[in-house]
Amino acid sequence: MKLQMIGCSHHHTDVAFREKLAFQPNQVVEALAKMRTVFPQTEAVLLSTCNRVEIYAAAENEEDCPSAQQLINFVANYHGLDVAEIATDLRSLDGEDAIHHLFTTAASLDSMVIGEAQILSQVKQAYDMANEGENTGPLTHSSFQAAMRVAKRVQTETEIHRKRVSIPSVAVADYASQFFERFDDKVILVIGAGEMGEETLQYLIDKNAQDVRIINRNHQRAIDLAQRTTGKAVEWDKLNDLLVEADLIVSATGATEPIITAESFQTISERRFQKPLFILDLAVPRDIDPKLADFLGVYLYSIDDLQQVCDRNRKAREREWPKAEQIIEEEVSRFMTDLYRRVTGPWIGRLKQQANEIKAAELERLLNKLGDLGDDPKIRKELDVTLGRVVNKLLHPPLESLREDVNPEEGPGLLDALKKLFQLKD
Amino acid sequence: MNGPDASWMTKISLSCFAFSYAIAMILEISRLFFRAPVRILIILGLTIAGIFAHTVYLWLKFQKDFSGGTPMSSWYDWCLMVSLAVAITYAIIAIKKNENSVGIFFLPLILLLILVALFVKDQEAFTQSEATNVWAVTHGISLLLGTSAMIVAFIAGVMYLVHAFRLKKKLPPRSGFRLPSLEWLQQCNRQSLFYATGLIAAGLVSGVIMNVLKSTENQTGIPWTDSVIISSGVLLVWLVTVTVFEAVYKPARQGRKIAYLTLASFVFLALVLSFVFMAEHASQTDGVSALREVLS
């Protein structure tokens, strides 16, 4: 029984390298199908996200499982890359180390943003795709199902997932929610059509924001963003009117000078009748003049203000790290013990069968020698029981040592010794 | 409730529910210092137990007073009823918004009202008057509910100002001190102030009618120059002005202004009530004692 993993992540490789090895969803299906052809007895799961590319391969018989080098060759071959070009940057793990890594990854302890929830769904998706492609088997089933269980345990028993650490999520969940009870009746103005604005908008849409106006100097980009989301693109010259109507402004343009100054906001403020306005200025350099914060009813937050909360939350997550790691250690140990029992089980059965065969043969020989005495059912039974007890008593200590051996590192050694001592064959 | 099974209820005293509210308040304060997932359940449990004991206590007192004379006819009873109304409001809000630290603002005022009740316990009960019972009941109940609504408006206003201050100063969110959203607080503040104004106005107008009736019938009304009547009149004018101002002047509806107006209104009401306590107003006017006539 063998489990092998090769892969790379954001820890040791740059994005350019990961891009070369990345598998799009359709490529995952294709690669898994190809693996089935190249390594027919191998179970496989392929996890490809923007931060990592990992292949998990497993087989009941060690010789059926591809080695790390074979997997590297496979990846290089699939992407048409030179093996030497990628081999040094790819990490390979097997056995318990591979399981530990899988559990750590699923629990989001290996993520760029520790505790982010997305990785668990990505692991699940990778497992589902392998299932659909019939690439999974007993080992991948048990290891991936255990990984998802472990991730949920870490989620519920620690606070590592509770604190938000990305600027858009903190902006919406930790700040906007302190201002507004509901978002469906609010006028939300998104200035700029960049990534930060879009991500923040997604969080607001998740909160049921419905009246979203998107404004951008390049109107086409505003239209594109509006089409991707549920917003409405508005021409740039309507900015002042939108500032009067808005309850919440998310500004994230690439402008080098503030687009809303205190002077320009003066007349807007008069038209707003002091209606509270929550502004998230997520641009660097800032889009909004900091003096706007002095206006009555205006609450202005810049990226620095939010970053402080993100950093604090990140530290809070780090404090939870040992607790999460403890859970991983416990679960890896439990999984490996179960796995080891699964490995030793058939051999124990085989040894018992071999001993019983010897016992039966010897009993038969003895009964033949005993002549008429051996025909007495009572004596036959007594001899059978006695020999059985001798066999059991002889086998009990080694088998018990094998069963109770909870250190899988030592497991194969004991099992190998048992195989050699009793000359057990596959 | 008078049967043998309910005999334990007769042992409920003011200290039972005051103690429940006090422990709930301590637990609410402890939110600031450490996290404990089951705490909110304990707080709610204690508050609901307190409300139950509070209700039973007032009900038994009502029955006792009813058989012996005038029920719920003292400032002691009045303060306890207002505190019960505020406690029920708190429990409803705490269930709906169990992640928020609203108890820190509500529970001290509930305990303060109970304390005030203890201070005025020895004051004379209101006297009976058959001629003014309907207006007296209207006067008493409207003022009771109006005061309760004003206390809720005041608490919402204070929470609004604290929350707005924290947000304006960009203080980072504290997990142990989460307040409802500004929008919710503003709505709660406005609505409570609106109801309080209506109820207090109804209470004061019914008080005027009651006094006019008494003055014309048997000349036992309070003089119109009485400090309580004058201060009540000023309070009514203030509340009506605030309501009109809020309706006509748009910025007055927004955030801090309404909170400040509520705070001022509450202080005004507290002043009038203290005048009333000092003047033992209701015992002169037969006040809520008329409840008995209505209920009998």
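Predicted model: local features only at pLDDT ≥ 70, side-chain atom pairs only at ≥ 80, totals over all residues.
Local features are given where pLDDT is at least 70 and side-chain atom pairs where pLDDT is 80 or more, whereas totals for chains, interfaces and linings use all residues. Residues are numbered from 1 along each chain as its sequence is written, and chains are lettered from A in the order in which they are written.

Chain A has 15 helices and ten strands, these being DSSP runs numbered from the N terminus (helices H or I, at least four residues; strands E, at least two). Of its 426 residues, 36% count as buried, a residue being buried if 20 or more other C-beta atoms, placed from the backbone, lie within 10 Å of its own, exposed if 12 or fewer, and partly exposed in between. Among contacts in chain A with a separation of 6 or more, 69% join residues 24 or more positions apart, where contact requires C-beta atoms, placed from the backbone, within 7 Å.

Within chain A, helix α5 (residues 95-106) packs on helix α13 (residues 303-370) at an angle of about 135°, with the axes 10 Å apart. The pair is therefore oblique, the class left after roughly parallel (under 35 degrees), roughly antiparallel (over 145) and roughly perpendicular (65 to 115). In this contact A:Glu96, A:Ile99, A:His100, A:Phe103 and A:Thr104 of α5(A) meet A:Ile328, A:Glu331, A:Val332, A:Phe335 and A:Met336 of α13(A). These residues divide into six nonpolar, two polar and two charged, with Ala, Val, Leu, Ile, Met, Phe, Trp, Tyr, Cys and Pro counted as nonpolar, Asp, Glu, Lys and Arg as charged, and the others, Gly among them, as polar.

Between the chains, 13 residues of chain B are in contact with 17 residues of chain A. On the chain B side, α5 (133-168) and α6 (182-218) each give two or more residues, and α6(B) provides the largest share, three residues. By class, this side has six nonpolar, three polar and four charged residues. Elsewhere in chain B, 16 of the 22 residues of α3(B) are buried, so this helix is largely enclosed by the rest of the structure.

Most residues other than glycine have a negative phi, and most peptide bonds are trans. The bond from A:Val284 to A:Pro285, however, is cis, with omega near -5°, and A:Pro285 is placed in the loop between β9 (277-281) and β10 (298-302) of chain A. Phi is positive, near 55°, at A:Glu134, which is exposed, with 11 other C-beta atoms within 10 Å. B:Lys170 likewise has a positive phi, near 60°; this residue lies in the loop between α5 and α6 of chain B and counts as partly exposed, with 17 C-beta neighbours inside 10 Å.

Definitions and conventions
Axes fitted to C-alpha atoms, helices over the stretch in contact; angles between N-to-C directions. Contact = placed C-beta atoms within 7 Å.
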